[in-house]
Amino acid sequence: MNTPRYLVPGDYMADPAVHVFEGRLYIYPSHDRESGIPENDNGDHFDMADYHVFSMDDVAHGLVQDHGVVLKVADIPWAGRQLWDCDVACKGGRYYMYFPLKDRNDIFRIGVAVADSPRGPFTPMPDPVRGSYSIDPAVFTDHDGACYMYFGGLWGGQLQRYRENKALECAVLPQGDEPALPSRVVRLSDDMLGFAEEPRPVVILDEDGKPLKAADNDRRFFEASWMHGYQGRYYFSYSTGDTHRICYAIGDNPYGPFVYQGLILPPVVGWTTHHSIVVYKGRWYLFYHDCVPSGGKTWLRSLKVTQLHYDDQGRIIPVCEF
Ligand code: FUB
């Protein structure tokens with residue numbers, strides 16, 4: 001596969017979370033739409049109302065099957081607005097979709113919905129996950145079967161409103177040499193419906209073993225966490241947000257700390273960048289989005305995939321789009 005491929009040319013889909021279930025590759029994206037809401041730093045223009053599921057068995061050329069709407073805002077009992085980036089995990093033959101959604105007080109919480117098939121439909125639980133906050137849940141299943149959720153996002157994602165898992169009276173964004181705001185990681189409970197512990201910070205260290213600083217906008221975490229394993233190590237990847245880069249850091253366990261490594265994907269067309277990394281039939285792939293097909297409308301994004309390569313030290317070779 002030499003050139004990136006657009007996957008759903010007939011609609012706007014973003015934030016792909018991709019997994020292999022039952023031998024097939026499943027894509028769980030956000031479903032962008034034209035809401036007419038003006039663009040702002042809160043991300044109000046990302047006013048998504050439902051999710052579709054897609055699947056395929058040949059990444060380079062195969063048909064991308066649309067399994068239709070599998071969950072919508074109207075069916076979620078605690079819903080306010082804005083269904084953002086979701087993810088799905090499998091345990092004991094059941095499928096659990098984790099989704100961020102604003103409640104009726106306009107606070108992002110993370111909900112869970114359950115299905116008997118990776119194709120859905122997903123039935124939402126009556127309440128959000130207890131102790132959850134912010135956005136962009138990504139669930140990683142370790143080789144021992146334990147499942148970990150990585151989550152959080154700055155600005156419109158509201159992470160700056162929390163410190164040590166408690167809501168603050170006023171949001172605090174660290175500045176300058178202060179440690180950057182970290183993503184969070186938490187082990188999920190055995191029934192997959194809650195947190196088994198208090199979320200912990202995902203610390204990313206620089207080459208001197210010091211946490212990345214708030215002013216290090218080219219390297220510090222902003223949103224869009226993803227975790228994958230490669231040759232026994234744990235690769236935490238994420239978006240830097242206002243500098244529009246997908247970067248990664250490596251650790252030796254799911255909690256970290258992780259040591260910063262470098263760039264995976266340079267900025268794409270559009271403000272947001274968001275990805276997932278998966279191995280399928282022996283090849284590694286980067287799924288992501290850009291706004292080329294919508295003519296640069298940052299709230300109307302399109303799904304893409306390209307092949308990903310590692311060097312013999314396990315370093316990811318950056319994807320060159322240009
Ligand atoms: O889709 C809405 C938000 O845009 C996601 O939650 C972020 O990761 C960014 O892609």
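The charged end of Arg200 sits over the ring of Tyr255, 3.6 Å from the ring centre; a charge counts as sitting over a ring if NZ of Lys or CZ of Arg is within 6 Å of the ring centre and within 35 degrees of the ring normal. Arg219 lies over the face of Tyr260, at 5.2 Å from the centre of that ring. The model is predicted: local features need pLDDT of at least 70, side-chain atom pairs count only at pLDDT 80 or more, and totals for chains, interfaces and linings use all residues. Residues are numbered from 1 along each chain as its sequence is written, and side-chain values use heavy atoms, with hydrogens and water left out.

The structure holds 26 aromatic pairs. Rings of Phe, Tyr and Trp (its six-membered ring) pair if their centres lie within 6.5 Å; planes under 30 degrees apart count as stacked, over 60 as edge-to-face and the rest as tilted. Tyr230 and Tyr235 form an edge-to-face pair, because their ring centres are 5.8 Å apart and their planes stand at 80°. Both of these tyrosines are buried (under 20% relative accessible area, with exposed over 50% and partly exposed in between; 1.4 Å probe, protein chains only). Phe236 and Tyr238 are a stacked pair, because their ring centres are 5.4 Å apart and their planes at 20°. Phe236 is buried at 0% relative accessibility, and Tyr238 is buried with a relative accessible area of 0%. Ring pairs link Phe236 and Tyr238 with Tyr150, Phe221 and Phe258 into a cluster.

Tyr133 is found in the loop between strand 9 (123–124) and strand 10 (138–141); strands (E, at least two residues) and helices (H or I, at least four) are DSSP runs, numbered from the N terminus. Tyr133 is buried, with a relative accessible area of 1%. Beyond its neighbours within four places in sequence, Tyr133 is in contact (heavy atoms within 4.5 Å) with residues including Phe108, Phe151, Tyr162 and Pro199. Phe108 lies 25 residues from Tyr133 in sequence, and the C-alpha to C-alpha distance is 5.8 Å.

Strand 6 and strand 7 (residues 94–102) run antiparallel and are joined by five bridges. Ala89 has Tyr96 of strand 7 as its bridge partner.

Methods
Pairing = 2+ DSSP bridges.
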